[in-house]
Amino acid sequence: MSLRVFAVEALADFHTTAAISPGSKHLASAMSEPLPLARARVAVEFGAGTGAITRALLDELSPSARLLVFEVNPRFVTHLKSTFSDPRLVVIHSSVENVDRELCRRGCNRVDAVASSLGLGFIPEPRRHALFRRLVPFLHEKSVLTQYQYIHGLQFENGRLRRLRLQPLLRRYFDSVQLRVIWRNLPPAFVFTCHRRRPQIRPARLDE
Ligand SMILES: C[S@@+](CC[C@H](N)C(=O)[O-])C[C@H]1O[C@@H](n2cnc3c(N)ncnc32)[C@H](O)[C@@H]1O
């Protein structure tokens, strides 16, 4: 069922879906394992799709924590809401570009773990940076972010296909970036694990 929902959306809008199939269970484990989920109070997922990574995150998440999931595609949002009945899960039908506003609205000023499946290569460079600048004030010295990218690493730039190297982007916002390859996924993917290790910058209040 998830596969069919995913394939229909990938065909309808490949630019946003940025994938041909949901992440495998191997990719989901590689995305969730490095995150401090057992002691997290707030975890965030960027681009949940049909919930392949969401499920792995919920499996590891502490019972009293919240998982705030951002998904821009309304059909994926409906699918997530009908598939998961976990009270820790909050599905937010909004672009990740509103991350600061959506977190503040929910009284959240600290994020312990972030799992991102966004196709960053399909997001123009200034908007990629704007996204990380909005997220970073919520991260503290023990926050961890995982991000996956297919090993071909292709991106669209000015209507052309090029390779996007994610490491320089992530290094700008994180102090350590580790990489592993997950072959058992279609297509195989890199998983980047990023540690911030810097004290938190207080998030700006919305009325400031
Ligand atoms: C590569 S898919 C990953 C889906 C799922 N996490 C998985 O691994 O199977 C990327 C997802 O990000 C969502 N997405 C793309 N741009 C987004 C944005 N700006 N805000 C929130 N979600 C976005 C897409 O709709 C899609 O569900």
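Here is a short chat about this predicted model.

Me: Ground rules before we dig in?
Reply: Residues are numbered from 1 along each chain as its sequence is written. It's a predicted model, where local features need pLDDT of at least 70, side-chain atom pairs count only at pLDDT 80 or more, and totals for chains, interfaces and linings use all residues.

Me: OK, which residues are closest to the ligand?
Reply: Pro22, Gly23, Gly47, Gly49 and Ser117, out of 22 residues surrounding the ligand. A residue counts as near if its C-beta atom, placed from the backbone, lies within 6 Å.

Me: Which elements give two or more residues to that shell?
Reply: α2 (14-17), α4 and β2. Helices (H or I, at least four residues) and strands (E, at least two) are DSSP runs, numbered from the N terminus.

Me: How does β2 run relative to β3, parallel or antiparallel?
Reply: Parallel, with 5 bridges joining β2 (residues 66-71) to β3 (residues 89-93); strands pair if DSSP finds at least two bridges between them. Leu68 has Val90 as its bridge partner in β3.

Me: Switching topic, where's the cis peptide bond?
Reply: Between Leu186 and Pro187, with omega about -10 degrees. Pro187 sits in the loop between β8 (176-182) and β9 (189-195).

Me: Why does Arg197 count as partly exposed?
Reply: Because Arg197 has 14 C-beta neighbours inside 10 Å. Buried takes 20 or more other C-beta atoms within 10 Å, exposed 12 or fewer, and partly exposed is in between, with C-beta atoms placed from the backbone.
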